[in-house]
Amino acid sequence: MKRIFLGLSLMFSVSSCNSQNIGNILKQANDVLSGTPGALTTDEIGKGLKEALTVGIKNSSSKASALDGYLGNQTIKLLFPPEAQNVEQKLRQIGLGAQCDKFITALNRGAEKAAEKAVPIFVDAITKMTIQDALSILKGDKDAATNYLKRTSSVALTNAFAPVMEESINSTGATKLYGDIATTYNKIPFTKKVNPDLKQYATQKAIDGLFLLVAQEEQKIRENPAARVSDLLKKVFANQ
């Protein structure tokens, strides 16, 4: 059980937490496994590792919510909705590229603001994690931890993101810009009309981007032996 918690916490936190703090936690864990007198209890180490996991989640959210967290990351950057990509192409052709760029910037600023709401939702999911959940994650696929969070957090994230995203894209001007763009495009003869409602699309894309960042953190510790910073961690993942 101790090894399960060790592996799980390091999936997210090795690359983001303070290396000295992680080293201290691992040393304490080694002390417990070797029976060193005066070592911390399993319960204390479990709490420490969950705290490390929480720090990793906070750092993932911080990346998304920082200025250009979405806009500057081509992997998660929000673009025109798929059904409106022809709109963008046509408008750029008639000299409205700057307006399209302004909309994309405003849309991503909204996502960055909404991402601030993710931490308490992820923390709640971590708190409710069972021993069986941890075992399944440790022995599961390379995105098992991410899928666990998707399964347990997606509904709560959507409920939390939707109103914030709506407010954000309104305040950044994305809603008005997209409405203006859609109105302009809909006036072009012989074109398929587009729906100017952005909230659902923007909310889902913001959540998808956040989960992608979480998956990248998980993949590092699973696939990169150099990221396994102790003999204990190497042993945890040796039989995956």
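Trainee: At roughly what angle do the axes of H5 and H9 cross?

Mentor: The axes of H5 and H9 cross at roughly 145° and come within 8 Å, where axes are lines fitted to C-alpha atoms, for helices over the stretch in contact, and angles run from 0 to 180 degrees between N-to-C directions. Helices here (H or I, at least four residues) are DSSP runs, numbered from the N terminus. Before we go on, this is a predicted model, in which local features need pLDDT of at least 70 and side-chain atom pairs count only at pLDDT 80 or more, while totals for chains, interfaces and linings use all residues. Residues are numbered from 1 along each chain as its sequence is written, and side-chain values use heavy atoms, with hydrogens and water left out.

Trainee: Which residues of H5 and H9 meet?

Mentor: From H5, Gln99, Cys100, Lys102, Phe103, Ala106 and Leu107 are in contact with Ala174, Leu177, Tyr178, Asp180 and Ile181 of H9, contact meaning heavy atoms within 4.5 Å. The residues of this contact divide into 8 nonpolar, 1 polar and 2 charged, counting Ala, Val, Leu, Ile, Met, Phe, Trp, Tyr, Cys and Pro as nonpolar, Asp, Glu, Lys and Arg as charged, and the others, Gly among them, as polar.

Trainee: And which residues of H9 are buried?

Mentor: In H9, which runs over residues 174-186, the buried ones are Ala174, Leu177, Tyr178, Gly179, Ile181, Ala182 and Tyr185, where buried means under 20% relative accessible area (1.4 Å probe, protein chains only). What covers them includes helix H4 (85-93), helix H5 (97-114) and helix H8 (144-171).

Trainee: How do H5 and H8 lie, then, oblique or parallel?

Mentor: Their axes come within 8 Å and cross at roughly 140°, so H5 and H8 are oblique to each other, given that angles under 35 degrees count as roughly parallel, over 145 as roughly antiparallel, 65 to 115 as roughly perpendicular and the rest as oblique. In that contact, Leu107, Gly110, Ala111, Lys113 and Ala114 of H5 meet H8 residues including Phe161, Val164 and Met165.

Trainee: Switching to H10, why does Thr203 count as buried?

Mentor: Thr203, found in helix H10 (residues 199-223), counts as buried because its relative accessibility is 4%. Leaving aside residues up to four places away in sequence, Thr203 touches Thr158, Phe161, Ala162 and Met165.

Trainee: What about Glu217, buried or exposed?

Mentor: Glu217, also found in helix H10, is buried, with a relative accessible area of 3%. Glu217 and Asp143 are 74 residues apart in sequence, and in space they are 9.8 Å apart, C-alpha to C-alpha.

Note on methods: Helices (H or I, at least four residues) and strands (E, at least two) are DSSP runs, numbered from the N terminus. The expected span of a helix is 1.5 Å times one less than its number of residues. Buried means under 20% relative accessible area, exposed over 50%, partly exposed in between (1.4 Å probe, protein chains only).
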